[in-house]
Amino acid sequence: MLTKEKREFIEFMQSADVLRFGEFKTKSGRLSPYFVNTGNYKTGAQISQLGKYYAACVKATLGDDFDAMFGPAYKGIPLATAAAGSLFDMYGIDKPYFFNRKESKDHGEGGSLVGYKPKDGDKIIIIEDVITAGTAVRETIPVLKAAADVQVKDLFISVNRSEVGQDGKRTAVQEIYDEFGITVHALITVYDILEYLKEIPEYSSHVAAMEAYIEQYCVK
């Protein structure tokens, strides 16, 4: 069901040119009729609002039952930072955050992580943008596990594309849960986007392409 909050988030992404319609090649190599590029957030107002959406989802899902937030490089870095700030501003939940470098630093303190230093037993949540094939998550887990014996049970994303993963049967989200025990929480799904398009006359030309793509690649 397309709630008021989901509709607002879709329109927010469009206003920032983050959600676009056309023909795009995704990281998985598929030609998609829509694309989500969180790299297009570029103003203080946008990142502030985005942090509020993530913070509300984290609060509703977990409350304060976690130890730190991790933002995978590169796009997860501002997302985790904004979410951490909004969690404190909106709910008084003050949690540390950290992120990784693509290349380990070989001077100073060294290492690949910046910010909070995870400890054994920590409950870490991951803040990301989207999941298509789950590649980024599979790259992230070894980074976290190399730092400490942490627990990673929850991942928060903007959009669940609901697409089949590596085995061609389960969605990438289902594969991530089966492989790592991580539950993915999305602000919206591809089905929400399709429902939104059907409501707006000027987007009627995109509906058929979205339906065809969903039929070919997506699983509810």
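## Helix 6 meets helix 7

Val 190, Tyr 191, Ile 193, Leu 194, Leu 197 and Lys 198 of helix 6 touch His 206, Val 207, Met 210, Glu 211 and Ile 214 of helix 7. Sorted by class, the residues of this contact are 8 nonpolar, 1 polar and 2 charged. Keep in mind as you explore that this is a predicted model.

How are these two neighbours arranged? Two packed helices are described by the angle between their axes and the distance between the axes. Helix 6 (residues 190–199) and helix 7 (residues 204–217) have axes 10 Å apart and pack at an angle of about 155°. Angles over 145 degrees count as roughly antiparallel, so helix 6 and helix 7 are roughly antiparallel to each other. Their crossing is left-handed.

## Helix 2 across helix 3

Now look at another pair. At what angle do the axes of helix 2 and helix 3 cross? The answer is roughly 70°, and the axes of helix 2 (residues 44–62) and helix 3 (residues 76–91) come within 7 Å. An angle from 65 to 115 degrees counts as roughly perpendicular, and helix 2 and helix 3 are therefore roughly perpendicular to each other. The crossing of this pair is right-handed.

On the helix 2 side, the contact is made by Ile 47, Ser 48, Leu 50, Gly 51, Lys 52, Tyr 54, Ala 55, Ala 56, Val 58 and Lys 59. Helix 3 brings Pro 78, Leu 79, Ala 82, Ala 83, Ser 86, Leu 87, Met 90 and Tyr 91 to the contact. By class, 13 of the residues in the contact of helix 2 with helix 3 are nonpolar, 3 are polar and 2 are charged.

There is also something to spot in the loop between strand 3 (68–71) and helix 3, where Tyr 74 has its place. Tyr 74 is joined to Ala 73 by a cis peptide bond, with omega at about 0°.

## Helix 4 alongside helix 5

The axes of helix 4 (residues 135–147) and helix 5 come within 10 Å and cross at roughly 25°. Since angles under 35 degrees count as roughly parallel, helix 4 is roughly parallel to helix 5. Helix 4 passes helix 5 in a right-handed crossing. From helix 4, Val 137, Arg 138 and Ile 141 meet Glu 175, Ile 176, Glu 179 and Phe 180 of helix 5. The residues of this contact divide into 4 nonpolar, no polar and 3 charged.

One residue of that contact is worth a second look. Is Glu 175 buried or exposed? Glu 175 sits in helix 5, and because its relative accessibility is 1%, it counts as buried. Leaving aside residues up to four places away in sequence, Glu 175 touches Arg 138, Gly 165, Gln 166, Asp 167 and Arg 170.

## Helix 1 and what surrounds it

Helix 1 has 12 residues. From its first C-alpha to its last, helix 1 reaches 16 Å, close to the 16 Å expected at 1.5 Å a residue. Which residues of helix 1 are buried? They are Phe 9, Ile 10, Phe 12, Met 13 and Gln 14. These buried residues pack against several elements: strand 1, strand 2 (31–36), helix 2, strand 8, strand 9 (183–189) and helix 6.

Step just past the end of helix 1 and you come to Asp 17. Asp 17 lies in the loop between helix 1 (4–15) and strand 1 (19–25). This residue has a positive phi of about 60° although it is not a glycine. With a relative accessibility of 36%, Asp 17 counts as partly exposed.

You can find Ser 162 in the loop between strand 8 (151–160) and helix 5 (172–180). At 5% relative accessibility, Ser 162 counts as buried.

What does Ser 162 touch, not counting residues up to four places away in sequence? Its contacts are Thr 171, Thr 189, Val 190, Tyr 191, Tyr 217, Cys 218 and Val 219. Two of these residues, Val 190 and Tyr 191, are also part of the meeting of helix 6 with helix 7. Finally, Ser 162 and Ala 133 are 29 residues apart in sequence, and their C-alpha atoms are 9.3 Å apart in space.

Conventions:
Residues numbered from 1 in each chain as written. Predicted model: local features only at pLDDT ≥ 70, side-chain atom pairs only at ≥ 80, totals over all residues. Heavy atoms only, no water. Axes fitted to C-alpha atoms, helices over the stretch in contact; angles between N-to-C directions. Helix = DSSP H or I, 4+ residues; strand = E, 2+ residues; numbered from the N terminus. Left-handed = near helix turned anticlockwise from the far one by under 90°. Contact = heavy atoms within 4.5 Å. Nonpolar A, V, L, I, M, F, W, Y, C, P; charged D, E, K, R; others polar. Buried < 20%, exposed > 50% of the residue type's maximum accessible area, 1.4 Å probe, protein only. Expected span 1.5 Å × (residues − 1).
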